[in-house]
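Subject: Structure for your files

Hello,

Here is the structure I said I would send. My notes on it follow below.

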Amino acid sequence: MALSPPPPHEAPRRPSSLDIALVVWPSFLAACVASLLFFATVDPELLRDAGPRLLAGLDREAGYALGFLFFWAIGALASTLSVYLIRTDRPQKRGAGRGAS
Amino acid sequence: MTPPRLRVVPVAESGAFYAAAEKIYPREISGRFSRMRQGAVIALLGLFYGMPWLDWQGHQALLFDLPARKFHIFSLTLWPQDFLYLALLLIIAALSLFFFTALAGRLWCGYACPQTVWTELFVWIEQWTEGTRSRRMKLDRGPWTVEKVLRKSLKQLLWIALAAWTGFTFVGYFTPIRTLGAAITGLSLGPWSTFWVFLYGLATYGNAGFLREQVCKYMCPYARFQSAMFDKDTLIISYDEARGEPRGPRRRGTDARTAGLGDCIDCTLCVQVCPTGIDIRKGLQYECIACGECIDACDDVMDKMGSPRGLIRYTTEHALHGKATRVLRPRVLVYSALLLLAGGVLLYSLFTRMPLILDVIRDRNALYREVRGDRVENIFALKVINLDDRPHSYLLSAEGMQGLELIAPVAPIVVAAGSVSNIPARLDAPTSRAAGVHRIALSLTAVDAPGIHVHEKTRFIGPTP
(Lines give C-alpha, C1' and ligand atoms only; values in the text may rest on other atoms or scores of the structure.)
Protein backbone atom coordinates (compact mmCIF):
# COMPACT_ATOMS: atom_id res chain seq x y z
CA MET A 1 0.00 0.00 0.00
CA ALA A 2 1.41 3.34 -1.05
CA LEU A 3 1.79 5.94 1.63
CA SER A 4 -0.01 9.11 0.75
CA PRO A 5 1.52 12.36 2.01
CA PRO A 6 -0.35 13.84 4.94
CA PRO A 7 -2.90 16.48 3.98
CA PRO A 8 -1.50 19.98 4.39
CA HIS A 9 -3.61 20.83 7.45
CA GLU A 10 -2.26 17.76 9.20
CA ALA A 11 1.38 18.44 8.34
CA PRO A 12 3.85 17.87 11.18
CA ARG A 13 3.55 20.73 13.57
CA ARG A 14 5.72 22.23 16.23
CA PRO A 15 4.99 21.28 19.83
CA SER A 16 2.42 23.62 21.29
CA SER A 17 2.45 24.99 24.81
CA LEU A 18 -0.25 22.44 25.58
CA ASP A 19 2.09 19.62 24.53
CA ILE A 20 4.73 20.97 26.89
CA ALA A 21 2.21 21.26 29.71
CA LEU A 22 1.02 17.71 29.04
CA VAL A 23 4.60 16.50 29.45
CA VAL A 24 5.76 18.64 32.35
CA TRP A 25 2.69 18.62 34.56
CA PRO A 26 1.65 14.95 34.90
CA SER A 27 5.30 13.95 35.30
CA PHE A 28 5.65 16.55 38.05
CA LEU A 29 2.67 15.07 39.92
CA ALA A 30 4.05 11.55 39.44
CA ALA A 31 7.48 12.70 40.67
CA CYS A 32 5.90 14.12 43.84
CA VAL A 33 4.17 10.82 44.59
CA ALA A 34 7.26 8.78 43.68
CA SER A 35 9.56 10.91 45.88
CA LEU A 36 7.14 10.70 48.79
CA LEU A 37 6.81 6.93 48.64
CA PHE A 38 10.45 6.26 47.79
CA PHE A 39 12.13 8.52 50.33
CA ALA A 40 9.68 7.57 53.08
CA THR A 41 11.24 4.13 52.99
CA VAL A 42 14.75 4.70 51.60
CA ASP A 43 17.32 6.98 53.19
CA PRO A 44 19.29 8.82 50.47
CA GLU A 45 22.45 8.43 52.55
CA LEU A 46 22.20 4.65 52.21
CA LEU A 47 21.96 5.05 48.44
CA ARG A 48 24.98 7.33 48.43
CA ASP A 49 27.05 4.87 50.44
CA ALA A 50 26.03 1.99 48.18
CA GLY A 51 26.25 3.95 44.94
CA PRO A 52 29.09 5.01 42.63
CA ARG A 53 31.92 7.33 43.71
CA LEU A 54 30.24 10.12 41.77
CA LEU A 55 27.65 10.48 44.54
CA ALA A 56 30.16 10.72 47.38
CA GLY A 57 30.00 13.97 49.29
CA LEU A 58 26.31 14.58 48.66
CA ASP A 59 24.11 15.10 51.72
CA ARG A 60 20.50 14.08 52.25
CA GLU A 61 19.10 17.36 50.93
CA ALA A 62 20.98 16.86 47.68
CA GLY A 63 19.71 13.28 47.59
CA TYR A 64 16.08 14.33 47.90
CA ALA A 65 16.41 17.02 45.24
CA LEU A 66 18.30 14.82 42.78
CA GLY A 67 15.87 11.97 43.42
CA PHE A 68 12.93 14.26 42.73
CA LEU A 69 14.51 15.59 39.54
CA PHE A 70 15.31 12.04 38.45
CA PHE A 71 11.72 10.90 38.96
CA TRP A 72 10.52 14.01 37.14
CA ALA A 73 12.82 13.34 34.20
CA ILE A 74 11.71 9.71 33.91
CA GLY A 75 8.06 10.77 34.14
CA ALA A 76 8.64 13.44 31.51
CA LEU A 77 10.19 10.84 29.22
CA ALA A 78 7.08 8.66 29.52
CA SER A 79 4.77 11.64 28.97
CA THR A 80 6.79 12.78 25.96
CA LEU A 81 6.44 9.37 24.37
CA SER A 82 2.70 9.33 25.07
CA VAL A 83 2.17 12.78 23.58
CA TYR A 84 4.39 11.93 20.60
CA LEU A 85 2.52 8.70 19.89
CA ILE A 86 -0.86 10.40 20.13
CA ARG A 87 0.17 13.35 17.97
CA THR A 88 1.76 11.24 15.23
CA ASP A 89 -1.05 8.71 15.04
CA ARG A 90 -2.91 8.43 11.72
CA PRO A 91 -5.96 10.67 12.09
CA GLN A 92 -8.97 8.55 13.01
CA LYS A 93 -12.10 8.91 10.93
CA ARG A 94 -14.76 10.63 12.93
CA GLY A 95 -17.13 8.10 14.39
CA ALA A 96 -14.96 5.19 13.30
CA GLY A 97 -13.74 4.18 16.74
CA ARG A 98 -15.84 3.44 19.75
CA GLY A 99 -16.43 6.45 21.90
CA ALA A 100 -15.68 8.94 19.15
CA SER A 101 -18.10 11.79 19.11
CA MET B 1 -43.65 22.89 31.91
CA THR B 2 -40.63 21.14 30.54
CA PRO B 3 -38.08 20.29 33.19
CA PRO B 4 -34.84 22.26 32.89
CA ARG B 5 -32.01 20.26 31.47
CA LEU B 6 -28.47 20.22 32.72
CA ARG B 7 -26.13 20.06 29.80
CA VAL B 8 -22.42 19.50 29.87
CA VAL B 9 -20.70 21.74 27.37
CA PRO B 10 -17.26 20.80 26.02
CA VAL B 11 -14.25 23.08 26.46
CA ALA B 12 -14.65 24.75 23.12
CA GLU B 13 -17.87 24.18 21.27
CA SER B 14 -15.95 24.21 18.00
CA GLY B 15 -14.73 20.77 18.99
CA ALA B 16 -11.11 21.87 19.21
CA PHE B 17 -9.28 20.30 22.12
CA TYR B 18 -7.44 23.44 22.95
CA ALA B 19 -8.45 26.99 22.21
CA ALA B 20 -5.95 29.77 22.75
CA ALA B 21 -6.85 31.13 26.16
CA GLU B 22 -8.41 34.53 26.27
CA LYS B 23 -7.45 36.57 29.28
CA ILE B 24 -10.21 36.56 31.82
CA TYR B 25 -10.89 39.66 33.87
CA PRO B 26 -13.00 38.50 36.78
CA ARG B 27 -15.31 41.27 37.94
CA GLU B 28 -15.23 42.16 41.63
CA ILE B 29 -18.32 41.24 43.60
CA SER B 30 -19.40 41.12 47.20
CA GLY B 31 -21.98 38.87 48.74
CA ARG B 32 -22.48 35.81 50.92
CA PHE B 33 -20.30 33.44 48.95
CA SER B 34 -17.59 36.00 48.25
CA ARG B 35 -17.31 36.63 51.97
CA MET B 36 -17.11 32.91 52.66
CA ARG B 37 -14.36 32.60 50.07
CA GLN B 38 -12.48 35.54 51.51
CA GLY B 39 -12.80 33.96 54.94
CA ALA B 40 -11.41 30.69 53.59
CA VAL B 41 -8.52 32.48 51.87
CA ILE B 42 -7.58 34.37 55.04
CA ALA B 43 -7.90 31.30 57.27
CA LEU B 44 -6.00 28.91 55.00
CA LEU B 45 -3.23 31.29 53.97
CA GLY B 46 -2.95 32.55 57.55
CA LEU B 47 -2.40 28.95 58.58
CA PHE B 48 0.12 28.35 55.79
CA TYR B 49 2.18 31.50 56.38
CA GLY B 50 1.89 31.48 60.18
CA MET B 51 2.32 27.82 61.10
CA PRO B 52 6.11 27.55 60.62
CA TRP B 53 6.65 30.41 63.10
CA LEU B 54 4.78 28.64 65.87
CA ASP B 55 7.05 27.00 68.44
CA TRP B 56 6.13 24.12 70.70
CA GLN B 57 8.20 22.89 73.64
CA GLY B 58 11.42 24.33 72.30
CA HIS B 59 11.12 23.30 68.66
CA GLN B 60 9.12 24.35 65.63
CA ALA B 61 5.59 22.99 66.16
CA LEU B 62 5.27 21.64 62.64
CA LEU B 63 8.55 20.64 61.04
CA PHE B 64 9.06 17.93 58.45
CA ASP B 65 12.75 17.68 59.12
CA LEU B 66 13.88 15.89 55.98
CA PRO B 67 17.64 16.25 56.59
CA ALA B 68 17.18 14.43 59.93
CA ARG B 69 14.37 12.19 58.58
CA LYS B 70 12.05 13.06 61.47
CA PHE B 71 8.63 14.72 61.39
CA HIS B 72 7.72 16.93 64.35
CA ILE B 73 3.99 17.51 64.81
CA PHE B 74 3.61 19.28 68.13
CA SER B 75 4.53 16.69 70.79
CA LEU B 76 4.56 13.84 68.32
CA THR B 77 7.74 12.87 66.47
CA LEU B 78 7.29 10.56 63.52
CA TRP B 79 10.07 8.46 62.04
CA PRO B 80 10.36 6.77 58.66
CA GLN B 81 9.19 3.66 60.53
CA ASP B 82 5.84 5.39 61.00
CA PHE B 83 5.09 5.31 57.28
CA LEU B 84 1.72 3.71 58.09
CA TYR B 85 0.41 7.03 59.41
CA LEU B 86 1.36 8.86 56.25
CA ALA B 87 -0.36 6.21 54.14
CA LEU B 88 -3.48 6.41 56.35
CA LEU B 89 -3.46 10.19 56.17
CA LEU B 90 -3.34 10.10 52.37
CA ILE B 91 -6.20 7.58 52.29
CA ILE B 92 -8.24 9.81 54.62
CA ALA B 93 -7.54 12.85 52.45
CA ALA B 94 -8.71 11.03 49.32
CA LEU B 95 -11.83 9.68 51.04
CA SER B 96 -12.70 13.14 52.41
CA LEU B 97 -12.45 14.54 48.91
CA PHE B 98 -14.82 11.84 47.61
CA PHE B 99 -17.19 12.35 50.54
CA PHE B 100 -17.44 16.11 50.25
CA THR B 101 -17.70 15.93 46.47
CA ALA B 102 -20.60 13.49 46.62
CA LEU B 103 -22.33 15.61 49.25
CA ALA B 104 -21.70 19.18 48.19
CA GLY B 105 -19.97 19.14 44.83
CA ARG B 106 -16.76 21.00 44.25
CA LEU B 107 -16.36 22.57 47.69
CA TRP B 108 -12.66 21.80 47.44
CA CYS B 109 -12.24 23.73 44.17
CA GLY B 110 -14.23 26.76 45.25
CA TYR B 111 -12.87 27.28 48.73
CA ALA B 112 -9.87 25.16 49.70
CA CYS B 113 -7.73 24.31 46.68
CA PRO B 114 -4.36 26.11 46.85
CA GLN B 115 -4.84 27.08 43.21
CA THR B 116 -8.06 28.94 44.04
CA VAL B 117 -6.77 30.41 47.26
CA TRP B 118 -3.54 31.81 45.84
CA THR B 119 -5.25 32.99 42.66
CA GLU B 120 -7.67 34.93 44.86
CA LEU B 121 -4.76 36.57 46.68
CA PHE B 122 -3.03 37.48 43.40
CA VAL B 123 -6.30 38.87 42.00
CA TRP B 124 -6.66 41.07 45.11
CA ILE B 125 -3.23 42.52 44.38
CA GLU B 126 -4.21 43.01 40.77
CA GLN B 127 -7.39 44.82 41.76
CA TRP B 128 -5.50 46.97 44.21
CA THR B 129 -2.83 48.02 41.69
CA GLU B 130 -4.78 48.06 38.42
CA GLY B 131 -8.31 48.77 39.57
CA THR B 132 -11.69 47.29 38.74
CA ARG B 133 -12.46 44.93 35.85
CA SER B 134 -13.33 47.70 33.40
CA ARG B 135 -10.26 49.72 34.37
CA ARG B 136 -8.03 46.68 33.95
CA MET B 137 -9.44 45.96 30.50
CA LYS B 138 -8.99 49.59 29.49
CA LEU B 139 -5.45 49.61 30.86
CA ASP B 140 -4.53 46.50 28.88
CA ARG B 141 -6.01 47.88 25.65
CA GLY B 142 -4.44 51.29 26.08
CA PRO B 143 -0.94 52.47 25.16
CA TRP B 144 2.03 52.16 27.50
CA THR B 145 1.67 55.35 29.47
CA VAL B 146 3.72 56.19 32.54
CA GLU B 147 0.71 55.27 34.69
CA LYS B 148 0.40 51.88 33.01
CA VAL B 149 4.10 51.15 33.49
CA LEU B 150 3.89 52.17 37.14
CA ARG B 151 0.76 50.16 37.86
CA LYS B 152 2.04 47.06 36.07
CA SER B 153 5.47 47.31 37.74
CA LEU B 154 3.92 47.67 41.17
CA LYS B 155 1.74 44.62 40.53
CA GLN B 156 4.71 42.56 39.36
CA LEU B 157 6.80 43.73 42.30
CA LEU B 158 4.14 42.70 44.80
CA TRP B 159 3.51 39.42 43.01
CA ILE B 160 7.19 38.53 42.95
CA ALA B 161 7.64 39.49 46.61
CA LEU B 162 4.62 37.40 47.59
CA ALA B 163 5.80 34.43 45.50
CA ALA B 164 9.27 34.62 47.04
CA TRP B 165 7.80 34.75 50.54
CA THR B 166 5.61 31.78 49.67
CA GLY B 167 8.63 29.77 48.50
CA PHE B 168 10.50 30.71 51.66
CA THR B 169 7.55 29.67 53.86
CA PHE B 170 7.20 26.38 51.99
CA VAL B 171 10.84 25.47 52.57
CA GLY B 172 10.34 26.59 56.19
CA TYR B 173 8.21 23.49 56.73
CA PHE B 174 11.24 21.32 55.94
CA THR B 175 14.13 23.35 57.39
CA PRO B 176 13.67 25.29 60.64
CA ILE B 177 12.31 28.60 59.35
CA ARG B 178 14.31 30.85 61.68
CA THR B 179 17.57 29.18 60.64
CA LEU B 180 16.44 29.49 57.03
CA GLY B 181 15.67 33.17 57.47
CA ALA B 182 19.05 33.78 59.04
CA ALA B 183 20.73 31.89 56.18
CA ILE B 184 18.95 34.06 53.61
CA THR B 185 19.76 37.37 55.28
CA GLY B 186 23.34 36.15 55.78
CA LEU B 187 23.48 35.08 52.09
CA SER B 188 24.59 31.62 53.15
CA LEU B 189 21.60 29.59 51.95
CA GLY B 190 22.55 26.16 50.66
CA PRO B 191 22.10 25.38 46.95
CA TRP B 192 19.23 22.93 47.44
CA SER B 193 17.21 25.15 49.75
CA THR B 194 17.68 27.95 47.21
CA PHE B 195 16.49 25.61 44.47
CA TRP B 196 13.29 24.69 46.37
CA VAL B 197 12.54 28.30 47.34
CA PHE B 198 12.82 29.30 43.68
CA LEU B 199 10.86 26.32 42.37
CA TYR B 200 7.95 26.84 44.75
CA GLY B 201 8.03 30.61 44.33
CA LEU B 202 8.06 30.28 40.56
CA ALA B 203 5.20 27.77 40.63
CA THR B 204 3.14 30.12 42.81
CA TYR B 205 3.84 33.08 40.54
CA GLY B 206 3.07 31.15 37.36
CA ASN B 207 0.00 29.31 38.63
CA ALA B 208 -1.68 32.13 40.55
CA GLY B 209 -0.52 35.05 38.41
CA PHE B 210 -0.75 33.74 34.86
CA LEU B 211 -2.23 30.28 34.43
CA ARG B 212 -5.09 30.72 36.92
CA GLU B 213 -8.27 29.09 35.58
CA GLN B 214 -6.24 27.25 32.95
CA VAL B 215 -4.79 25.08 35.70
CA CYS B 216 -8.35 23.99 36.54
CA LYS B 217 -9.34 23.60 32.90
CA TYR B 218 -6.33 21.89 31.39
CA MET B 219 -4.10 20.63 34.19
CA CYS B 220 -6.26 19.40 37.03
CA PRO B 221 -7.09 15.68 37.03
CA TYR B 222 -9.69 16.13 39.79
CA ALA B 223 -11.72 18.47 37.57
CA ARG B 224 -12.00 15.67 35.03
CA PHE B 225 -13.02 12.83 37.32
CA GLN B 226 -15.04 14.65 39.96
CA SER B 227 -18.22 14.02 37.96
CA ALA B 228 -17.84 10.32 38.78
CA MET B 229 -18.69 11.19 42.40
CA PHE B 230 -21.68 13.31 41.42
CA ASP B 231 -25.25 12.09 41.44
CA LYS B 232 -28.62 13.79 41.20
CA ASP B 233 -28.55 14.67 44.91
CA THR B 234 -25.18 16.40 44.85
CA LEU B 235 -25.17 20.12 45.54
CA ILE B 236 -24.39 22.03 42.37
CA ILE B 237 -24.54 25.65 41.35
CA SER B 238 -27.22 25.96 38.75
CA TYR B 239 -29.22 28.45 36.80
CA ASP B 240 -32.96 27.89 37.09
CA GLU B 241 -33.75 27.70 33.39
CA ALA B 242 -37.49 27.24 33.96
CA ARG B 243 -37.64 30.46 35.93
CA GLY B 244 -35.14 32.50 33.94
CA GLU B 245 -36.10 31.81 30.33
CA PRO B 246 -36.84 33.42 27.99
CA ARG B 247 -34.20 35.89 29.07
CA GLY B 248 -34.08 39.46 27.92
CA PRO B 249 -33.65 43.07 29.01
CA ARG B 250 -36.61 44.96 30.36
CA ARG B 251 -37.38 48.18 32.16
CA ARG B 252 -37.34 48.13 35.93
CA GLY B 253 -40.83 47.54 37.23
CA THR B 254 -41.98 45.65 34.13
CA ASP B 255 -43.86 42.54 35.03
CA ALA B 256 -41.84 39.76 33.43
CA ARG B 257 -44.73 37.39 32.90
CA THR B 258 -46.99 39.90 31.11
CA ALA B 259 -44.01 40.86 28.93
CA GLY B 260 -43.55 37.18 28.11
CA LEU B 261 -40.14 37.04 29.76
CA GLY B 262 -38.45 34.95 32.42
CA ASP B 263 -36.58 36.41 35.39
CA CYS B 264 -33.16 36.57 33.68
CA ILE B 265 -32.55 40.11 32.45
CA ASP B 266 -29.49 38.96 30.49
CA CYS B 267 -27.17 41.43 32.24
CA THR B 268 -24.29 38.91 31.88
CA LEU B 269 -22.95 39.85 35.31
CA CYS B 270 -22.81 36.14 36.17
CA VAL B 271 -20.41 35.68 33.24
CA GLN B 272 -18.32 38.73 34.13
CA VAL B 273 -17.66 37.64 37.69
CA CYS B 274 -16.78 34.06 36.77
CA PRO B 275 -13.11 33.34 37.42
CA THR B 276 -13.12 30.61 34.77
CA GLY B 277 -15.06 32.70 32.27
CA ILE B 278 -18.03 30.41 31.70
CA ASP B 279 -21.72 31.13 31.33
CA ILE B 280 -23.47 29.19 34.09
CA ARG B 281 -26.73 29.54 32.16
CA LYS B 282 -25.45 27.02 29.64
CA GLY B 283 -25.72 24.28 32.24
CA LEU B 284 -23.33 22.30 34.40
CA GLN B 285 -19.82 22.57 32.98
CA TYR B 286 -16.66 20.98 34.22
CA GLU B 287 -14.85 24.32 34.21
CA CYS B 288 -17.16 25.49 37.01
CA ILE B 289 -15.18 25.47 40.24
CA ALA B 290 -18.32 26.11 42.31
CA CYS B 291 -17.09 29.36 43.84
CA GLY B 292 -20.55 30.89 44.01
CA GLU B 293 -19.55 34.32 42.64
CA CYS B 294 -22.32 34.11 40.02
CA ILE B 295 -24.87 33.50 42.80
CA ASP B 296 -23.77 36.68 44.56
CA ALA B 297 -23.91 38.65 41.32
CA CYS B 298 -27.34 37.35 40.36
CA ASP B 299 -28.80 37.80 43.86
CA ASP B 300 -27.75 41.46 43.71
CA VAL B 301 -29.52 41.91 40.40
CA MET B 302 -32.63 40.08 41.57
CA ASP B 303 -32.76 42.36 44.64
CA LYS B 304 -32.59 45.41 42.38
CA MET B 305 -35.26 44.04 40.07
CA GLY B 306 -37.48 43.15 42.99
CA SER B 307 -37.50 39.46 42.06
CA PRO B 308 -36.83 36.71 44.58
CA ARG B 309 -33.21 35.62 44.95
CA GLY B 310 -31.97 32.27 43.76
CA LEU B 311 -32.27 32.41 39.98
CA ILE B 312 -28.76 31.02 40.21
CA ARG B 313 -28.38 28.99 43.38
CA TYR B 314 -26.95 25.99 45.15
CA THR B 315 -29.36 23.20 44.35
CA THR B 316 -29.45 19.58 43.22
CA GLU B 317 -30.57 18.06 39.97
CA HIS B 318 -33.45 16.39 41.80
CA ALA B 319 -34.54 19.68 43.34
CA LEU B 320 -34.44 21.37 39.93
CA HIS B 321 -36.77 18.67 38.63
CA GLY B 322 -39.11 19.25 41.54
CA LYS B 323 -38.15 16.02 43.29
CA ALA B 324 -36.99 15.54 46.87
CA THR B 325 -33.25 15.62 47.57
CA ARG B 326 -31.87 12.81 49.67
CA VAL B 327 -28.79 13.63 51.71
CA LEU B 328 -28.23 10.13 53.13
CA ARG B 329 -27.87 7.84 50.17
CA PRO B 330 -25.75 4.70 49.68
CA ARG B 331 -22.85 6.57 48.11
CA VAL B 332 -22.63 9.04 51.00
CA LEU B 333 -23.05 6.30 53.59
CA VAL B 334 -20.31 4.17 52.04
CA TYR B 335 -17.89 7.10 51.84
CA SER B 336 -18.60 8.13 55.44
CA ALA B 337 -18.26 4.55 56.71
CA LEU B 338 -14.87 4.20 55.00
CA LEU B 339 -13.84 7.61 56.31
CA LEU B 340 -14.80 6.69 59.87
CA LEU B 341 -12.98 3.39 59.56
CA ALA B 342 -9.75 4.93 58.27
CA GLY B 343 -9.96 7.74 60.84
CA GLY B 344 -10.58 5.23 63.63
CA VAL B 345 -7.59 3.12 62.60
CA LEU B 346 -5.38 6.22 62.48
CA LEU B 347 -6.47 7.46 65.91
CA TYR B 348 -6.25 4.00 67.46
CA SER B 349 -2.77 3.36 66.11
CA LEU B 350 -1.61 6.84 67.16
CA PHE B 351 -2.86 6.41 70.71
CA THR B 352 -1.46 2.90 71.07
CA ARG B 353 1.80 3.79 69.33
CA MET B 354 4.74 2.27 71.18
CA PRO B 355 7.52 4.87 71.38
CA LEU B 356 10.18 2.17 71.23
CA ILE B 357 11.55 -0.07 68.50
CA LEU B 358 13.88 -3.00 68.97
CA ASP B 359 15.64 -4.48 65.95
CA VAL B 360 17.43 -7.76 66.55
CA ILE B 361 20.02 -8.97 64.04
CA ARG B 362 21.91 -12.23 64.57
CA ASP B 363 25.68 -12.04 64.41
CA ARG B 364 26.72 -12.93 60.89
CA ASN B 365 30.23 -14.18 61.64
CA ALA B 366 29.47 -17.20 63.80
CA LEU B 367 26.25 -19.11 64.33
CA TYR B 368 27.32 -20.06 67.86
CA ARG B 369 30.40 -20.36 70.07
CA GLU B 370 31.13 -22.83 72.81
CA VAL B 371 32.12 -21.15 76.06
CA ARG B 372 33.13 -22.29 79.51
CA GLY B 373 33.23 -25.92 78.34
CA ASP B 374 29.55 -26.71 78.76
CA ARG B 375 27.66 -23.72 77.38
CA VAL B 376 26.81 -22.34 73.93
CA GLU B 377 26.82 -18.62 73.25
CA ASN B 378 24.93 -16.61 70.55
CA ILE B 379 25.66 -12.98 69.75
CA PHE B 380 23.10 -10.47 68.53
CA ALA B 381 23.31 -6.88 67.36
CA LEU B 382 20.53 -4.81 68.92
CA LYS B 383 19.26 -1.53 67.57
CA VAL B 384 17.24 0.28 70.22
CA ILE B 385 15.26 3.25 68.88
CA ASN B 386 13.73 5.59 71.45
CA LEU B 387 10.90 7.38 69.61
CA ASP B 388 9.78 9.22 72.73
CA ASP B 389 10.50 12.89 73.35
CA ARG B 390 12.35 12.12 76.62
CA PRO B 391 15.24 9.79 77.50
CA HIS B 392 14.59 6.31 78.86
CA SER B 393 16.61 3.39 80.26
CA TYR B 394 15.52 -0.05 79.23
CA LEU B 395 16.09 -3.49 80.70
CA LEU B 396 16.61 -6.41 78.34
CA SER B 397 15.33 -9.92 79.08
CA ALA B 398 15.29 -13.18 77.12
CA GLU B 399 12.96 -16.16 77.23
CA GLY B 400 11.79 -19.11 75.18
CA MET B 401 14.14 -21.97 76.05
CA GLN B 402 15.25 -23.80 79.16
CA GLY B 403 18.50 -22.62 80.71
CA LEU B 404 18.69 -19.52 78.50
CA GLU B 405 20.72 -16.80 80.20
CA LEU B 406 21.34 -13.17 79.32
CA ILE B 407 25.05 -12.42 79.76
CA ALA B 408 25.06 -8.85 78.42
CA PRO B 409 23.79 -6.25 78.64
CA VAL B 410 22.49 -6.62 82.17
CA ALA B 411 22.74 -2.94 83.05
CA PRO B 412 19.89 -0.72 81.78
CA ILE B 413 20.39 0.58 78.23
CA VAL B 414 20.17 4.36 78.27
CA VAL B 415 18.90 5.99 75.07
CA ALA B 416 18.44 9.74 74.66
CA ALA B 417 15.18 11.21 73.38
CA GLY B 418 14.67 10.52 69.69
CA SER B 419 17.90 8.58 69.37
CA VAL B 420 19.19 5.22 68.25
CA SER B 421 21.55 3.03 70.25
CA ASN B 422 23.44 0.05 68.79
CA ILE B 423 24.34 -2.56 71.40
CA PRO B 424 25.68 -6.10 71.16
CA ALA B 425 23.83 -8.71 73.22
CA ARG B 426 25.19 -12.07 74.39
CA LEU B 427 23.00 -15.00 75.37
CA ASP B 428 24.06 -18.47 76.39
CA ALA B 429 22.47 -21.81 77.21
CA PRO B 430 23.74 -25.24 78.40
CA THR B 431 25.19 -27.28 75.51
CA SER B 432 23.09 -30.26 76.56
CA ARG B 433 19.89 -28.34 75.80
CA ALA B 434 21.09 -26.11 72.97
CA ALA B 435 21.25 -28.53 70.02
CA GLY B 436 19.39 -27.31 66.93
CA VAL B 437 17.43 -24.12 66.38
CA HIS B 438 15.27 -22.62 69.14
CA ARG B 439 12.68 -19.90 68.86
CA ILE B 440 13.35 -17.33 71.54
CA ALA B 441 12.18 -13.80 72.27
CA LEU B 442 13.95 -10.69 73.52
CA SER B 443 11.97 -8.15 75.55
CA LEU B 444 12.82 -4.57 76.29
CA THR B 445 11.01 -2.64 79.04
CA ALA B 446 11.50 0.96 80.09
CA VAL B 447 12.62 1.09 83.73
CA ASP B 448 10.62 4.25 84.46
CA ALA B 449 7.54 3.31 82.41
CA PRO B 450 6.62 -0.39 82.31
CA GLY B 451 3.98 0.44 79.69
CA ILE B 452 6.79 1.01 77.19
CA HIS B 453 7.59 -2.54 76.30
CA VAL B 454 8.49 -4.40 73.12
CA HIS B 455 8.86 -8.07 72.37
CA GLU B 456 10.97 -9.24 69.45
CA LYS B 457 11.26 -12.84 68.17
CA THR B 458 14.56 -14.32 67.06
CA ARG B 459 16.40 -17.66 67.03
CA PHE B 460 19.02 -19.26 69.25
CA ILE B 461 21.26 -21.69 67.39
CA GLY B 462 23.23 -24.53 68.91
CA PRO B 463 25.38 -27.40 67.54
CA THR B 464 23.70 -29.70 65.01
CA PRO B 465 22.20 -32.62 66.95
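B:Arg212 sits in the loop that links helix H8 (191-211) to H9 in chain B; helices (H or I, at least four residues) and strands (E, at least two) are DSSP runs, numbered from the N terminus. This is a predicted model, in which local features need pLDDT of at least 70, side-chain atom pairs count only at pLDDT 80 or more, and totals for chains, interfaces and linings use all residues. Residues are numbered from 1 along each chain as its sequence is written, while chains are lettered from A and ligands numbered from 1 in the order in which they are written.

Although not a glycine, B:Arg212 has a positive phi of about 45 degrees. B:Arg212 counts as buried because it has 24 C-beta neighbours inside 10 Å (buried: 20 or more other C-beta atoms within 10 Å of its own, with C-beta atoms placed from the backbone). B:Ala290, in the loop between H12 and H13 of chain B, is also not a glycine and has a positive phi of about 55 degrees. Most residues other than glycine have a negative phi, and most peptide bonds are trans.

Chain A has three helices and zero strands, and 11% of its 101 residues count as buried.

Regards

How values were computed:
Buried ≥ 20, exposed ≤ 12 C-beta atoms within 10 Å, placed from the backbone.
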